[in-house]
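Visitor: I would like to learn how to read salt bridges and surface patches in a model. Please take me through some cases.

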Amino acid sequence: MTPLLESEEHKSLREAVAAFAKTHPHTTNAEDNTRLWQAAAKLGYIGVNLPEAYGGGGAGITELSLVLEELGAAGNPLLMMIVSPAICGTVIARFGTEEQKREWLPPLADGTRLMAFGITEPDAGSNSHRITTTARRDPVTGDWILTGRKVFVSGVDIADATLIVGRTEDARTGKLKPCLFIVPRDAPGFERRAIDMELNAVERQFELTLDDVRLPADALVGDEDAGLLQLFAGLNPERVMTAAFGIGMGRFALAKAVEYARERTVWKTPIGAHQAIAHPLAQAHIDLELARLMMQKAAHLYDAGDDVGAGEAANMAKYAAGEACVKAVDQAVHTLGGNGLTREYGLARLITASRVARIAPVSREMILNYVSHQTLGLPKSY
């Protein structure tokens, strides 16, 4: 089946998720959000991408991104879907030990456990080569000892563990190489501080401090010498899912604006009859549809095992979706005028939230850097 056309199975999944999402009105209440997560997990939506052998749906990022998009289109985007099943679940499923898979994949799939993901650092920003969180071996016990800081880590307070990106020293070269570690929430020396965000979201952001956090040898995920490969195996799904997050949010805003434009009448005709209103909404719809096509391409490439092709497409999809989301939200608010800033219509909160799709997990400028030198072959500026 070409990714340009959805299969009947995918159409059915989309319809089922949309119907489910509409029965759960948007909330900023953490308990309601947890109930939504658990209800979605019970129906198999949260773990749809995880292996069947470990309680998942046996599908892929294609299906998981579809779920998140439809939840977002109904006003119920679950941000932790980007993190727990897409990044952490994927990395553990592809590279984890059998013990790690048995311990983590079933509860991630059924919604009883969550995992956060920590990569960004205060001084490193988008430069993963400057990550200073280090892991060293205890020569006596074989334990790992982690030291460092992370910032803008979502949902640490509700996650049972955090997948931390650290660096270990290569014995052959002396250079530091990236590695992934599962850090339990209650590990001694693992501290968190909530960041005061002007973002109306259930999922909170945290700064983490790892002060000689001691972990057993089996906390390392995968091969110590394949850290970069494993890291990008999680970052590509992250970009696809962020695109789904943005597209869903944009569709939600656009639907509100279209409904309002059909009904709001000024000077004896609905405002949607005026091209100054209709054309920008049509453009927003076109941009969202184009972004969805690239997202579907990226997801299909990833699920087919083409990590290189998926990397390029996932970056483009995330860029396109972020831009389309911001424009759709802006136009929706503008269409409603003063009503667009009222709590009743639920659009004003998206003005800030839509920027997340532009900024995280990588800025649009870094994506342009990637495309300019990886796709176009232009020299790097950094």
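Guide: What follows goes through salt bridges, then a surface patch. This is a predicted model, where local features need pLDDT of at least 70, side-chain atom pairs count only at pLDDT 80 or more, and totals for chains, interfaces and linings use all residues. Residues are numbered from 1 along each chain as its sequence is written, and side-chain values use heavy atoms, leaving out hydrogens and water.

Visitor: How many salt bridges does a search of the whole structure find?

Guide: A salt bridge is a side-chain nitrogen of Lys or Arg within 4 Å of a carboxyl oxygen of Asp or Glu. The search finds 22.

Visitor: Is Asp138 buried or exposed?

Guide: Buried means under 20% relative accessible area, exposed over 50%, partly exposed in between (1.4 Å probe, protein chains only). Asp138 is buried at 14%, while Arg214 is partly exposed at 42%.

Visitor: Which residues form a nonpolar patch on the surface?

Guide: Patch members have over 30% relative accessible area and no salt bridge; like charges are joined within 9 Å, nonpolar side chains (Val, Leu, Ile, Met, Phe, Trp, Tyr) within 5 Å. Accessible areas come from the Shrake-Rupley method with a 1.4 Å probe, and for residues only the protein chains shown count as cover. Here Ile286, Leu290 and Leu293 form the patch, with about 270 Å² of accessible area together. Leu293 lies in helix 7 (residues 275-303) and is partly exposed at 36%.

Definitions and conventions
Helices (H or I, at least four residues) and strands (E, at least two) are DSSP runs, numbered from the N terminus.
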